[in-house]
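User: Could you take a close look at one part of this structure for me? I'd like to know how that part sits against its surroundings.

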Amino acid sequence: MSKRKGLSVDEKRIKMLEIFHESKDFYQLKELEKIAPKEKGIIVQSVKDIVQGLVDDGLVDSDKIGTSVYYWSYPSKALNAKKRKLDELNTKTEEVTKKLKETEKQVETEKVGKDDSEERGIIIQELEALTKKEDELRKKLQQYKDNDPELYEKMNSDIKVIVEAANRWTDNIFAVKSWCKRKFNIEENLLDKQFEIPSDFDYVTV
């Protein structure tokens, strides 16, 4: 009987994001270390590294509240990251295409009335490198274009759930603020300053 193969890093990242996107909720690391192995087959020893990697890549948000660190990610977060990458690839493709055209024009100019030269050889090599780079960028660009409509449709269908989740946490924050004011006799503006709550903090509407 063959030994079951473990999840790759990419598979763990995808499954970790599923935890956030399916629940639309906030988690502490210790909660993820309990949920991930049970629901997604991610070994507990790798949970911290996977979560931190997603935070570093901008796919998961984190914030410290009191002494606890909370993590969260909505489907729109992944979509925005995908769109930013798409914009970057578009920009790079345009730059390479522009330089490619300039190089092609220069090659044609160099051809007129001239034999092969070292300079012409360098230009041709640069042209070939740029052509290869353009092909690579266009392939990456196509991958993002192929995936983008599906992600965009998913974002639209998730907007209502995302807003409800955000407003649920807004309820919780207002409740905690109210309890703190009664319990410790603290003014609301001091609470807002202490926990970096903006003065215009309110429910999300669409």
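Contact here means heavy atoms within 4.5 Å, and buried means under 20% relative accessible area, with exposed over 50% and partly exposed in between (1.4 Å probe, protein chains only). Helices (H or I, at least four residues) and strands (E, at least two) are DSSP runs, numbered from the N terminus. Do keep in mind that this is a predicted model, where local features need pLDDT of at least 70, side-chain atom pairs count only at pLDDT 80 or more, and totals for chains, interfaces and linings use all residues. Residues are numbered from 1 along each chain as its sequence is written, and side-chain values use heavy atoms, leaving out hydrogens and water.

Which residues of H2 (residues 29–40) are buried? They are Leu32, Ile35, Ala36 and Lys40. Their arc around the axis is only 105°, so they sit on the same side of H2; the arc is that of the directions from the helix axis to the C-beta atoms. An α-helix has 3.6 residues a turn, so residues three or four places apart point the same way. On the face turned away from the buried side, you will find the exposed residues Lys30, Lys34 and Lys38. Just after H2 comes glycine 41, with a positive phi of about 70°.

While we are here, phenylalanine 20, at 0% relative accessibility, counts as buried, and tyrosine 27 is buried too, at 11%.
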